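Hi there,

Here is the structure I promised to pass on to you. My notes on chain B follow below it.

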Amino acid sequence: MNSIAESFRFLFSDLTGEDNGPLPAVPDGVPEALRPAVAGAIAELNAYQGPSYAQLYAHRLNRFARRRDVDAELLGLIARQMARRMCYDDPIGIAQRHLAAVRCGAASEARHRFRLEELVGALPGKLGRPLLLGCAQVGWLHLPISLRFNGCGLWGRQRLRLQAGLRRWRRFSERYASERAWVERWLHMIDRSLTKAPAAAMAITETATMVDGSGETYWRGLADWHLLIDGVVKPVLDGAMPLADLAGAVAEITALSREGSSERVAETVGRLRKEAGHGT
Amino acid sequence: MDVSHLAQTFGSLFVSIFVVATYTMKTMIPLRVFGILTNVLLIAIAIPTHHYPTLVLHGILLPLNVYRLHEMLQLVRDVKKSVNSDLSMDWLKPFMTRRSCRAGDVLFYKDEPAEEMFYIVSGRYRLVESGIELPVGALVGELGMLSPTHERTQTLECIEPGDVLSVTYTQVEELFVQNPEFGFYFLKLASARLFENIGKLEDKLAEQVYGGVGARPATA
């Protein structure tokens, strides 16, 4: 009887979003000093999404852990930033965080601002994609929406549970796909810098700090990051743009973006491209 | 009991055997064949007994079953033909989804877990790490499905806008499970393409070491 129930659970696993895979071990190549932090990140990702997501983190980290040109400092930074970026702040993730605080006896109430596209993007793709197209056509994608996350009252906690329960379907969402592509692109840039410009690898890894939070903060940081990568890092790594100090330029732009100065980010990228004779 | 009533009872009993047989089939082709036979018998019984709802239902199901059976048989035939001729993967096209790419779009990154294969329809695409440009008609990622690590070995970037067709490994696995004959020929085809790649690499190596394919010494 149990095996029949198991078969039916497997049949509907795509609909129910069930994830019963094994939890991954810390990759072998991770130095002893980093292992507790990586184990913590695996546990955090398991709580955020499930064992398969934690597996993906371990798999991604293992690509760098097995390399000889990646030292403990760089690996630690990749591990920390990747865990942070993989636990991105969508409405489901924020509800999970508030619910975890309730469980620890530190219930809180907060308002978070999102763009409408973040809310729609968190829905399963089959539902979210047509809605996103519809919103784009009427120009509502950037509409600011404020949501209250309340862990103090009974009704608020029930709402948090309901919202956090949506995590089962998160991996079918548009936002999940775009975040996955973002992390892969970031890792790809680190990988290429290790081969072409090793001195800039640390600074390129640090660029992950540009993308954080939700709402306008998130979208601004994301736009800055793409501008930096497409305008400076990629052309330099492709050998199409000469730049003596890539690490310095990337660190400068990262700092400007973290200060919230998108205009100065665009100016600096433009200046660097002009100096390198690569247009604006 | 009149003769027509008796014929109807025996007819229903006979059809029930076919219905049960249909449900016992483990794979798609025999299931469709028995489905078609059941449809034909039920139509044959529904006409003299004037059972029109049954007639309409099986009148719809019969062409559907025939079409799906034809689709499956054609797939097996095409894969089989491909194994014996040019090792092309064109037979996969009807199961693929078209996707447009802009210059700068990355289809996949090196070391990323592989989940789908691509067929290049138009535009220009480059493998970033090796700098190799892939021609229109190339299939990318078909061997990743069978590799134990499921990892991409290079990054594929679009350098001139165009279209690609994609199919997920899950979809190919579904075809594989539904139809063991397809699975068998797919394995043969994938192995043949792998051996072809090994042959090309051996020739390239020989060219580098001995200065030409013809110069390669005979091996034992």
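Strands here count as paired if DSSP finds at least two bridges between them.

Before going further, a word on the source. This is a predicted model, in which local features need pLDDT of at least 70 and side-chain atom pairs count only at pLDDT 80 or more, while totals for chains, interfaces and linings use all residues. Residues are numbered from 1 along each chain as its sequence is written, and chains are lettered from A and ligands numbered from 1 in the order in which they are written.

**The sheet**

β4 and β7 sit within an open sheet of four strands, ordered β2-β7-β4-β5 (chain B), with antiparallel pairing. Its edges are β2 (106-108) and β5 (133-134) of chain B, each of which pairs on one side only.

**The whole chain**

Chain B has five helices and eight strands; these are DSSP runs numbered from the N terminus, H or I of at least four residues for helices and E of at least two for strands. Read from the N terminus, the order is α-α-α-β-β-β-β-β-β-β-β-α-α. The radius of gyration of chain B is 25 Å, well over the 17 Å that the globule rule gives for 220 residues, so the chain is more spread out than a compact globule. (The radius is taken over C-alpha atoms, and the rule is 2.2 Å times the number of residues to the power 0.38.) Along the principal axes, the C-alpha atoms of chain B fill a box of roughly 90 × 50 × 25 Å.

**Two domains**

Chain B is divided into domain 1 (3-84) and domain 2 (90-209), with bounds from an automatic or database domain assignment. Their C-alpha centres lie 38 Å apart. Where they meet, 11 residues of domain 1 are in contact with 12 residues of domain 2, contact meaning C-beta atoms, placed from the backbone, within 7 Å. On the domain 1 side, the elements giving two or more residues are α2 (28-49) and α3 (52-84) of chain B. The largest share of that side, eight residues, comes from α3(B).

Happy to talk any of this through.

Best wishes

Key. Two residues are in contact if their C-beta atoms, placed from the backbone, lie within 7 Å.
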